[in-house]
Amino acid sequence: MGFPHKSHPRETPVLSTHFGDSEARSLSGWRARGGYRALEQALGMTPAEIVNVVKDSGLRGRGGAGFPTGLKWSFMKPGDGKPHYLCCNADESEPGTFKDREIMRWTPHALIEGCAIASHAIGAETCYIYIRGEFTEPLQTVGAALDEAYRDGILGKSAMGTGKRIDIYIHKGAGAYICGEETALMNSIEGRRGNPRIKPPFPAVAGLFGQPTTINNVETLAAVPPILTNGAEWYKAMSLSNPKSTGTKLFSVCGNIARPGNYEVTMGFPFREFLHDICGGARPGHTLKAVIPGGSSVPIQTMQEADATLMDYEGFVANGSMLGSGGVIVFDDSVCMVRMIGRLARFYAHESCAQCTQCREGTAWVTKILERMENGGGTTRDLDTLLELSENMTGKTICVLSDSCAAPVVSGIQKFRHEFEAHINGKRCPMRSAAAA
Amino acid sequence: MSEAKMITLTIEGRQVRVAEGTSILEAAKAAGVLVPHYCYHPGLPVAGVCRMCLVEVEKAPKLAPACATAVAEGQIVHVHSGKALEARKGVLEFLLINHPLDCPICDQAGECELQDYTFAEGRSEGRLIEPKRFNPVEDFGGDVLYVTNRCILCTRCVRFMDDVAQEPVLNVSERGDRAVIGKFEGQDLTHPWSGNVVDLCPVGALLSKDFLNKARAWELDRAASVCPNCTQGCNIMVETRDNMVVRLRPRSNEDVNKYFMCDYGRLNYRWMNRTDRLEAPLVRHGDRLAAAEWEVAIDAAARALEGKRIHAVVSPSLSNEALYLVARILGRGDGTGAFRVERGPEAPLPGVEDLALRADRAANVQGAEMLGFRRSDAPLAGLRGGDALLFVDADPSVLDVGDLERAGAVVVIGTALPEILRTADAVLPIANMVEEEGTFTNIRGRVQRFLQARAAPGMARPSWWVLGDLLARLGEPGSYFLASDVFAALAASRSEFSGLSYDSLGLRGLPVMAPAGAR
């Protein structure tokens with residue numbers, strides 16, 4: 001459902017069916033809509049059976065990396081004598097992404113149900129939902145739903161009366177983007193500074209409190225209950241292109257577009273039709289210029305690339321970008337790419353955790369160069385410097401924050417070099433009127 | 001215990017075999033290859049943040065941090081390949097953009113790893129044209145000053161305080177390029193071992209207030225030594241400028257002090273530079289002491305001692321060599337020897353086993369006891385009426401006039417002549433411990449050598465030389481030409497020391513043999 005707009009007939013609502021329906025927030029309302037049947041079913045299954053269903057469904061991580069969820073769960077070995085943990089990553093901070101927020105606002109029980117099923121599947125008695133601190137409304141709705149679930153005996157010492165302990169806690173973030181990185185998130189839950197950890201060891205070996213841990217995105221976990229209810233085959237069948245990308249995906253669309261919002265489509269949906277048909281295309285009097293399809297950390301696409309893209313993990317890669325988190329940021333001809341990329345770089349410079357040299361210094365330096373360029377002080381040499389710095393910032397650090405800063409810079413210079421050159425040659429931003437400049 | 005599994009790998013074309021779990025960086029050390037690094041330190045937990053030690057591992061998709069990557073069988077590692085060099089060049093450039101190029105006024109210049117690697121591998125020119133970030137200098141308390149602008153945020157200091165001193169005072173405050181090392185509210189670097197953060201800092205960000213602006217690193221002469229300020233025997237480097245000791249720094253020894261030394265030891269060096277020293281032998285002429293030639297003075301000392309029972313009061317910071325010779329002088333008759341030790345509070349370093357500033361604030365208490373000297377708070381109690389008092393560089397506060405009146409003769413061998421001892425019959429000036437070489441035996445019975453770091457004043461001679469000559473004049477075999485000859489004689493006559501020699505001790509020392517029957 002294209003919340004806040006009404007559902008478009010070409011959407012395939014699975015997760016977003018009840019967006020905007022405030023009754024779905026309450027336990028009774030959720031039950032009336034078929035809620036918690038999947039959990040009941042899951043608690044009667046062995047962990048391995050659940051893992052196999054999720055594996056067969058082809059569900060992949062919706063947070064950005066697209067790692068197969070069932071495979072990730074299978075790294076956890078229930079019965080190894082160690083406490084296992086599930087972390088739900090609800091620290092949705094990627095610029096342009098706001099899908100998890102809507103899941104938590106409208107269907108908090110879907111998330112809780114997904115968390116409970118996943119906890120059982122990986123042998124965890126404890127799950128932490130790490131919610132971004134700025135998400136005051138989702139914090140409140142998920143908190144209220146958790147209270148209801150505990151009161152009803154769905155969670156706690158004996159989940160749904162099965163004797164299995166499943167505890168879910170909300171951990172409120174304090175506003176750092178980097179805490180959405182899985183190992184930084186675990187440090188944050190532990191009460192440490194939210195710095196990413198060196199991998200290996202991977203979380204499945206030594207994660208939260210040094211114990212085997214699985215960490216999944218909100219959208220991933222919310223997709224689990226319908227998979228259990230309807231079966232792996234049903235989910236797997238929802239694919240319009242590559243069989244490696246299955247099910248539906250929520251896309252948050254923002255920027256210069258007629259109908260910004262959250263839209264849910266089947267994997268492999270043509271991006272061109274998505275933008276122009278479902279989202280309403282450009283604003284009147286404008287033409288689209290570029291799109292960042294998967295949150296600010298992925299390379300920028302030209303409209304030519306976007307038009308050729310089928311919306312799945314492979315389709316975006318084949319056309320110069322990545323599916324990422326599904327945060328689609330659309331730019332039309334009113335946007336100065338230099339200014340836009342400079343603003344993105346500024347975000348990363350602000351959010352760098354300061355551990356790795358390349359990221360701490362590089363993000364800030366790139367920002368300074370881009371902002372100078374936007375103000376007319378750039379030189380052709382700066383472009384080479386930017387590309388070289390980006391190269392030095394890619395693939396050399398503990399986490400990918402610095403790579404994420406480099407991606408829009410490199411793709412921006414490659415695909416919109418003429419705009420950079422116009423700034424350099426004209427010694428000012430051509431998008432701003434002479435008076436304004 | 002089972003043997004650790006061994007792994008064979010190739011680093012820069014050299015095959016090396018190391019235990020499983022070793023990092024590539026340590027394996028490279030074993031192969032004789034230095035992987036440039038900043039945040040890694042063998043005495044601290046791995047952080048992997050400076051990204052300087054990135055190396056190319058064949059078949060790996062990305063460059064690997066050598067400090068945080070374990071070796072694997074058959075790995076082929078390139079430290080100096082084009083890709084690795086480019087990555088390091090990139091890191092150096094990033095580190096330098098906000099680093100002030102104030103090497104000419106920076107204490108670290110000359111021993112700065114940022115300077116060294118930039119010189120070796122960095123870019124020849126900077127590309128930053130924006131203003132550098134600026135932060136003021138901060139007093140971290142204790143002996144430590146934080147020059148924020150020079151900091152490369154390697155976090156060695158933070159990890160030392162967290163994991164080794166186990167008193168978390170420091171942190172990384174702020175994020176991005178605004179990040180600095182911060183102090184927790186209301187806390188200071190007052191831990192007795194916190195001065196180590198200055199040594200650990202690879203750049204000039206953490207400085208010693210004591211050493212501030214005292215010398216340039218390249219002006220310093222260095223001598224391997226042993227800290228004389230307690231019985232722990234931390235291995236140190238004595239650094240001198242123009243024959244003045246200006247700094248003591250730890251020297252690594254896995255078996256004693258790892259990489260560290262305490263602030264008490266580090267800062268207690270001024271006595272080494274005392275200028276109120278005895279510079280010439282003195283001999284009594286009637287009611288006054290007059291300067292004399294060495295032979296005359298030795299002669300006078302021997303005459304004063306001859307025919308009397310001798311009671312020696314010695315310093316517990318004398319070398320084994322000197323104490324051995326004093327013991328032999330006492331052994332000619334039924335002489336006795338005693339010493340008093342200054343004591344202070346003990347201060348352990350929690351992160352390292354059996355390492356502490358010890359309560360006994362003298363270097364060779366163990367050695368003195370092994371060589372037959374009695375520890376006592378009243379070391380003159382053994383002085384009987386008519387005895388000759390042999391006073392060897394001990395603390396003069398143990399003396400009172402009555403003791404000296406009771407003595408039949410007084411011979412002083414020392415670095416200084418306190419007022420109370422002006423009644424002595426003969427006074428022989430000796431070098432202090434940084435002016436001679438010798439050995440100490442530490443609290444755990446480890447014999448460790450120290451080398452000469454500066455020249456002795458005037459006519460003062462090494463203690464073993466003076467005592468050897470005195471012994472020879474008393475008719476015993478005692479002519480030694482080297483400190484090592486004295487130690488050889490000691491090793492030959494004392495079973496605990498048997499088998500040891502200056503050569504076998506090297507600069508890391510060896511434990512003495514357990515005396516038969518003991519332990």
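Which residue in S23(B) is the bridge partner of Val283(B)? The bridge partner is Ala426(B), and we'll come back to that strand below. Keep in mind that this is a predicted model.

**Chain B at a glance**

- Chain B is built with 13 helices and 26 strands.
- Of the 519 residues in chain B, 58% are buried.
- Look at contacts in chain B with a separation of 6 or more: 64% of them link residues 24 or more positions apart.
- Chain B exposes about 21,200 Å², and 52% of that comes from carbon and sulfur atoms.
- On the charge side, chain B carries 58 positive and 68 negative side chains, and the centres of these two sets lie 2 Å apart.

**Nonpolar cores**

- As background, nonpolar side chains in soluble globular proteins tend to be buried together.
- The largest nonpolar core here has 69 residues, and Tyr38(B), Phe160(B), Leu170(B), Ile181(B), Val197(B) and Leu349(B) have the most contacts inside it.
- Helix H4 of chain B (residues 156–164) gives the most to this core, with five residues.
- Apart from that core lies another one of 62 residues, including Cys88(A), Met104(A), Ala118(A) and Ala222(A).
- Want to see who touches Ile181(B)? Leaving aside neighbours within four places in sequence, its contacts include Phe140(B), Tyr146(B), Cys151(B), Leu153(B) and Cys157(B). Val158(B), Leu170(B), Asn171(B) and Val172(B) are in contact with Ile181(B) too.

**A helix under cover: H12 of chain B**

- Helix H12(B) runs over residues 483–493, and its buried residues are Ala483(B), Val486(B), Phe487(B), Ala489(B), Leu490(B) and Ala491(B).
- What covers them? The cover includes three other helices of chain B, namely H8 (320–331), H11 (463–473) and H13 (502–505).
- Strands S24 (438–441) and S25 (446–450) of chain B are also part of that cover.

**Strand S23 of chain B**

- Strand S23(B), residues 426–429, is covered on both faces. Ala426(B) and Leu428(B) are buried on one side, and Val427(B) and Pro429(B) are buried on the other.
- Strand S14(B), residues 282–285, runs antiparallel to S23(B), and two bridges join them.
- Strand S22(B), residues 409–414, runs parallel to S23(B), with four bridges between them.
- Ala426(B) turns up in both pairings: Val283(B) is its bridge partner from one strand, and Val411(B) stands opposite it from the other.

**An open sheet in chain B**

- Five strands of chain B form an open sheet in the order S2-S1-S5-S3-S4, with mixed pairing.
- Strands S2 (14–19) and S4 (64–65) stand at the edges with a single partner strand each, so one side of each has no neighbour in the sheet.
- S4(B) runs antiparallel to strand S3(B), residues 54–57, and two bridges join them. Here Val55(B) stands opposite Ala64(B).

**Strand S11 of chain A**

- Six of the six residues in strand S11(A), residues 327–332, are buried, so this strand is largely enclosed by the rest of the structure.
- Gly327(A), Ile329(A) and Phe331(A) point one way, while Val328(A), Val330(A) and Asp332(A) point the other way.
- Strand S5(A), residues 248–255, pairs with S11(A) in the parallel sense over four bridges. Strand S8(A), residues 288–292, is joined to S11(A) by four bridges too, but runs antiparallel.
- Ile329(A) is the bridge partner of Cys254(A), and Ile292(A) stands opposite Ile329(A) as well.

- As a rule, most residues other than glycine have a negative phi, and most peptide bonds are trans.
- A cis peptide bond joins Lys199(A) and Pro200(A), with omega about -5°. Another cis bond joins Pro200(A) and Pro201(A), with omega about 0°.
- Pro200(A) lies in the loop between helix H8 (182–190) and strand S4 (213–217) of chain A.
- Tyr36(A) has a positive phi, near 65°, and is buried at a relative accessible area of 1%.
- Met160(A) also has a positive phi, near 50°, but counts as partly exposed at 23% relative accessibility.

Key. Residues are numbered from 1 along each chain as its sequence is written. Chains are lettered from A and ligands numbered from 1 in the order in which they are written. This is a predicted model: local features need pLDDT of at least 70, side-chain atom pairs count only at pLDDT 80 or more; totals for chains, interfaces and linings use all residues. Side-chain values use heavy atoms; hydrogens and water are left out. Buried means under 20% relative accessible area, exposed over 50%, partly exposed in between (1.4 Å probe, protein chains only). Contact means heavy atoms within 4.5 Å. A nonpolar core is a set of buried Ala, Val, Leu, Ile, Met, Phe, Trp, Tyr and Cys residues joined through side-chain atoms within 4.5 Å. Accessible areas come from the Shrake-Rupley method with a 1.4 Å probe; for residues, only the protein chains shown count as cover. Lys and Arg count as positive and Asp and Glu as negative; His and the chain ends are not counted. The place of a charge is taken as NZ of Lys, CZ of Arg, CG of Asp or CD of Glu. Two strands pair if DSSP finds at least two bridges between them.
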